[in-house]
Structure formats: C-alpha cells, structure tokens
Amino acid sequence: KRLSEFRENTYTAEMQNNDGATTSFKQLVNYFLKPSHKKKVLSMLMENFFPSASHNLVRAWYMNEEQLGIMCSGGMVLGAHSVSHSVLSTLTAEEQTQEIQRSLKYVADIAAKNPSYDGFPHFRTFCFPYGGSHTYNRHTLD
C-alpha cells in the first residue's frame, strides 16, 4: 500500500512531464539515497557522463549569489528552500533544523550584502522542497 501511495504522490504526470526512467531515477535519488550519499553519487555521474560540461550545466540551471543580489536589489523577496534539497521527512529532526536554518542564513547573508537592504527580514520565507505533504512531517513544522 505505501509503495502505491508513494508512486501516486511523487513526480506525477500532472506535476512533471517525465518518462518512466526519469521518474524512477528521481525517486531513487531524492527519496532513497541518504543526503550524504546523494551528493557523491550525483557528482560521480556528472564527472563520468558530462566531464567537460558540468560547470556550464550548473551555471545554466542555477543562479549565483551575484544574480540573487541583483534580484534582491530590485525589490524581490528571496526565500529559502533548504541546503541540500532533501526530502525533509526522510531526515531526523536535527537534520531538518540544520537544513532550514542554514538555508535561511544563506538567504539572509545575501540580502544583508545588498546596499539598499533596510534590515527588515524580507528573507524569512521557506518553501518545502518537493512541496507535497508527504515530504515533511511534524518535526519539520516544529
């Protein structure tokens, strides 16, 4: 029963347009690998399959601190989203606290570098990675 619920709630066709192999890979990496192993596995895959392109892929897919600072200077609110993009419900209460606090600090530090920063905590927003109710638990909400 739990496996069917898991499949019904993760990477559904309504949420993402993935083929079966992509969905299975995302489920395996994001739900079944420990965060400490996830980074190693993904790094090894990138090094082996995209050795000359990995830096360019990161630059194309993710914003850097300078770009985030520009957004902040333009009046946009930056929100935290965790450090390792782990499924929070798979972590201990202490690991969840670390993920959330470190990501809030990261965003706050970027906002504080902005010359027009007024000291108001605009950055105290947090969005759960993956978003579904099965991805967080009572420890996350505490």
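# A guided tour of the model

Start with threonine 23: at a relative accessible area of 15%, this residue is buried (buried means under 20% relative accessible area, exposed over 50%, partly exposed in between, with a 1.4 Å probe and protein chains only). The model is predicted, so local features need pLDDT of at least 70 and side-chain atom pairs count only at pLDDT 80 or more, while totals for chains, interfaces and linings use all residues. Residues are numbered from 1 along each chain as its sequence is written, and side-chain values use heavy atoms, with hydrogens and water left out.

**Stop 1**

Threonine 23 sits in helix α2. Helices (H or I, at least four residues) and strands (E, at least two) are DSSP runs, numbered from the N terminus. Show what surrounds threonine 23: Tyr11 and Asn18 are in contact with this residue, leaving aside neighbours within four places in sequence. Contact means heavy atoms within 4.5 Å.

Now select residues 20–32 for α2 and 35–49 for α3. The two helices pack at an angle of about 140 degrees, with their axes 9 Å apart. Axes are lines fitted to C-alpha atoms, for helices over the stretch in contact, and angles run from 0 to 180 degrees between N-to-C directions. α2 and α3 are therefore oblique to each other. For the cut-offs, angles under 35 degrees count as roughly parallel, over 145 as roughly antiparallel, 65 to 115 as roughly perpendicular and the rest as oblique.

Which residues meet here, between α2 and α3? From α2 come Phe25, Val29 and Asn30; from α3 come Lys38, Leu42 and Leu45.

**Stop 2: helix α5**

Select residues 65–73, helix α5. Its buried residues are Leu68, Gly69 and Cys72. Look down the axis of α5: the buried residues fall within an arc of 105 degrees, so they line one face of the helix. The arc is that of the directions from the helix axis to the C-beta atoms. These buried residues pack against α6. Turn to the face pointing away from the buried side, and you find the exposed residues Glu66 and Ile70.

Check both ends of α5. At the start, a side-chain oxygen of asparagine 64 comes to within 3.0 Å of the backbone nitrogen of glutamate 66. Just after the helix, glycine 75 has a positive phi of about 95 degrees.

**Stop 3**

Move to valine 87, in the loop between α5 and α6. Is valine 87 buried or exposed? Its relative accessibility is 1%, so valine 87 counts as buried. Beyond residues up to four places away in sequence, valine 87 touches Asn30, Tyr31, Tyr130 and Thr135.

Next, pick glutamine 96 in helix α6 (residues 93–113). Glutamine 96 is buried at 1% relative accessibility. Its contacts, apart from neighbours within four places in sequence, include Leu88, Asn137 and His139.

**Stop 4: the aromatic rings**

Finish with Phe126, Phe128 and Tyr136, which ring pairs link into a cluster. Rings of Phe, Tyr and Trp (its six-membered ring) pair if their centres lie within 6.5 Å; planes under 30 degrees apart count as stacked, over 60 as edge-to-face and the rest as tilted.

The structure holds two aromatic pairs. Phenylalanine 126 and phenylalanine 128 have ring centres 5.8 Å apart and planes at 80 degrees, so the pair is edge-to-face. Phenylalanine 128 and tyrosine 136 have ring centres 4.3 Å apart and planes at 15 degrees, so the pair is stacked. Phenylalanine 128 is partly exposed at 23% relative accessibility.

How values were computed. A polar contact is a pair of N or O atoms within 3.5 Å; within protein, one must be able to donate a hydrogen and the other to accept it, and residues adjacent in sequence count only if both atoms are side-chain atoms.
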